[in-house]
Amino acid sequence: MTALYPSLRRAVRALPPPIRPLVSRFSTNKGSDLGGKFQEGGEEQREKIDFQDGAQAYKDISTAALMRALGVFSVCGLQIVVRNSHRILQTALKLFGPTVVQVIMRRTLFAHFCGGEDLESIRPTIARLRESNIGGILDFAAEADIEGEGEGVTLHHVTGEVSKPIEEISQGEVVPQPTTVQGNALARQYSYHTERQCDANKKIFETAIRAVHGVSPGGFAAIKVTALGNPLLLERWSTALREIHRLFDIMDVDSDEGVHFEEFMSSWKKLFVPLEESEVRKIFSDFDKNNTGKIDPVEWMSTLDPPKMRQLASSCLEKGPFATAVLDDEEEKLLLAMQTRLKSLVKLADDLDVRLMVDAEHTYLQPAIDNLVLGVQRRYNRRIDRVYGTIQCYLKDAQYRNRIMMQTAEQEGWVYAVKLVRGAYMHQEKERAMKLNYPDPIHNSLQDTHECYHSVMSDVVARESVKNGSQKANLVVASHNQRSVEHAIDLIHRAGLRPSESGVAFGQLLGMADHLTYSLGHHGYLVYKYVPYGPILETLPYLVRRAQENSDLMGSVGYEMRMLRAEIRRRLFPWFT
């Protein structure tokens, strides 16, 4: 093992005494069943969690795996290696060939961050997790390969033994601007080649859904909307949705979050072609679904699908931003194809009793993604938490958007379900805002992001349907931040909820924050590992991102490394502890 990591012996010699525990004040119970699909633990008891007790947190992990983790994190701390990771991999492939590279990766980065190469090889990983009361979120991780280096890296999707570069696409295929990443991107992106490529991506997600059904009952499959359609189309539609929201704000003259008929009629006369009052009242009634005498933001956004948006835009007196942004006939057809792919995946998940998480993406794509997620949640979340959307809490509007979505679910009578993340596109979002001269959508400070994350958590757990017991919280706290995990635990107990029945789940990436994941599992909380899988060479972009992410987060990873050193020292040199 130490031969794989030349510096590991020095690291072990430098192991400090075991970290003194910082005991959490939160009590827990044993046994998480997640609908009867997890192991049963002991009887209910209030017990403190000590996330810094390495002996307990790592008791289900072998010493070899701990040493591998320490070695991987040590390499991630070498900036010169991480910055040039793509070049190093490409050079290794040329010098030694794919077989040697696969052997090395299989025993190091791949073994640490991925569950396996296919359905059969991930079964032992899932089984080991379940023994520790941890579920799985499966994701087929063959993804965008990296073309070029440095700034403006071009990506394309990998679907087979080799990927298809942009320049090799045959004539007649529709190819918009390829997706680009400035610097080190920490989130997957797909470029769009053809509608056939999107159909192929759908099959990849179908594989992941069937894998969850086969090896991780009660688990999740993760999907990304940009794999199912043209990102430029999503951007166009997102612009249209923003403009229709802005139109609502214009009509809401008194800014009371509602448009009364008098406001609607007055705005119509200024903005749209003249109609009789009775005709305008009929249009108003189409929006006022609850017959309250006013249109609220939920009714407004829910009523305007693309055809109705185009119909409304055709009545504009002037061709302003809204009329310009609406989709044309061809774009509507492409959007329908994207919706059909997503609905097909959700139907398959529903048939196989698998839950789906739809990842969040860039702000200029997110309104369209939210709209797509809303469409399938309305249909498939009538009884259970089938589809989870995602809120990125580094965005200034995160809490507002979450409240609007919760309000929509409450009004329409379906089950709200959401995953909370901090966000993965910060540098790109800031650069784009500066380049296009619009307000930075990212919070001004990390502390603001932390506060937003905790506030949104509180909103979800405190919503009325959770208070009255008609719904569970259906919240996935996707975080490696111990403070956020402890905040969620506090919310569970202050709400008087049983951890195993609260619907509040925790999620961490495979190979990261194991001290959090395993401690939560041991104490009966609902907790999951995000388990990527796929052929080794095709998962290289994912593995590069994990190395980059750990490099960027070396503060928190450094803490985890200290815990790993302490536990390795305790096991190897017990007489020193």
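Helix 22 (residues 514-522) is followed by G524, whose phi is positive, near 85°. Helices here are DSSP runs of H or I with at least four residues, strands are E runs of at least two, and both are numbered from the N terminus. The model is a predicted one, so local features need a pLDDT of at least 70 and side-chain atom pairs count only at pLDDT 80 or more, while totals for chains, interfaces and linings use all residues. Residues are numbered from 1 along each chain as its sequence is written, and side-chain values use heavy atoms, with hydrogens and water left out.

Helix 22 itself is mostly covered, with nine of its nine residues buried (under 20% relative accessible area with a 1.4 Å probe on protein chains only; over 50% is exposed, and in between is partly exposed). The buried set runs through D514, H515, L516, T517, Y518, S519, L520, G521 and H522. Across the protein chain, buried residues make up 55% of the 577 residues.

As for the chain overall, its secondary structure comes to 24 helices and 13 strands. Contacts (heavy atoms within 4.5 Å) between residues at least 6 apart in sequence join residues at least 24 apart in 74% of cases. Confidence, given as pLDDT (the predictor's score for each residue, from 0 to 100), averages 81 over the protein chain, and 81% of the residues score at least 70. Residues 1-46 have a pLDDT below 50, and this stretch has 115 contacts in the model beyond near neighbours in sequence. Over residues 143-190 the pLDDT also stays under 50, and here the model has 125 contacts beyond four places in sequence.

Strand 1 (residues 135-140) is another mostly covered element, with six of its six residues buried. Both of its faces are covered: G135, I137 and D139 lie on one side, G136, L138 and F140 on the other, and all are buried. Strand 1 pairs (at least two DSSP bridges between two strands) with strand 13 (residues 526-533) in the parallel sense, over six bridges. In that pairing, G136 stands opposite K529. Strand 1 also runs parallel to strand 5 (residues 220-223), joined to it by two bridges, and I137 has F220 as its bridge partner there.

H450 counts as buried because its relative accessibility is 11%. Its contacts, leaving aside neighbours within four places in sequence, are with R422, N481 and R483.

On a 1 Å grid over the protein atoms alone, a cavity is a set of points where a 1.4 Å probe fits but cannot get out; a pocket is an open set with protein on both sides within 12 Å along at least five of seven lines, and lining residues have an atom within 4 Å of a point. Points are joined across faces, edges and corners, and a volume is the space filled by probe spheres set on them. The count comes to one cavity of 30 Å³ or more. The largest cavity has a volume of about 30 Å³ and is lined by W237, P306, M309, R310, V326, L327 and E332. Helix 13 (residues 306-313) supplies the largest share of that lining, three residues.

The second largest pocket has a volume of about 1,100 Å³. Of its 44 lining residues, R242, P367, D370, D397 and R401 are the closest to its centre. Helix 16 gives the most to this lining, with eight residues.
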